[in-house]
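Student: I would like to go through this structure by question and answer. Please show it before we start.

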Amino acid sequence: MKVFVDRDLCYGSAECAHRAPAVFDFVDGFGVVRPGREEPDEDPSILEAAEKCPSQAIGITPSGPPTPGRP
């Protein structure tokens, strides 16, 4: 899955960083996806962070098929 935070919607509650700190961080007053974690494994805490985001700024899309040469 791909995870992203829409900075136009995010108002900085930091709920994502509290619910899934391995994936989300709080930078410059906004929630962000930690570098290198744009395609994390399916993790219930990520889905919970998206569902509980008060501004509905977290988006999750399914990953496509694996790229040849990448696991």
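Student: Where does R19 lie, and is R19 buried or exposed, or partly exposed?
Tutor: The model is a predicted one. R19 lies in helix α1, which covers residues 15-19.

Student: Which side chain does R19 join through a polar contact?
Tutor: Leaving out residues up to four places away in sequence, R19 touches S45, E48, A49 and K52. R19 and S45 are 26 residues apart in sequence, yet 6.1 Å apart in space, C-alpha to C-alpha. The polar contact, at 2.8 Å, joins the side chain of R19 to that of E48.

Student: Which element gives the most to the largest nonpolar core?
Tutor: This core has 15 residues, and V3, V5, V23, F24, V33, I46 and I58 touch the most other members. The elements giving two or more residues to the core are β1 (2-5) and α2 (44-52). With three residues, the element that gives the most is α2.

Student: What is the phi of A14, and is A14 buried or exposed?
Tutor: Most residues other than glycine have a negative phi. A14 is not a glycine, but its phi is positive, at about 70 degrees. A14 is found in the loop between β1 and α1. Its relative accessible area is 14%, so A14 is buried.

Student: And D28: is D28 buried or exposed?
Tutor: D28, also not a glycine, has a positive phi of about 55 degrees. D28 is found in the loop between β2 (24-27) and β3 (30-33). Because its relative accessible area is 67%, D28 is exposed.

How values were computed: Residues numbered from 1 in each chain as written. Predicted model: local features only at pLDDT ≥ 70, side-chain atom pairs only at ≥ 80, totals over all residues. Heavy atoms only, no water. Helix = DSSP H or I, 4+ residues; strand = E, 2+ residues; numbered from the N terminus. Contact = heavy atoms within 4.5 Å. Polar contact = N/O pair within 3.5 Å; in protein donor to acceptor, adjacent residues only side chain to side chain. Core = buried A, V, L, I, M, F, W, Y, C linked by side-chain atoms within 4.5 Å. Buried < 20%, exposed > 50% of the residue type's maximum accessible area, 1.4 Å probe, protein only.
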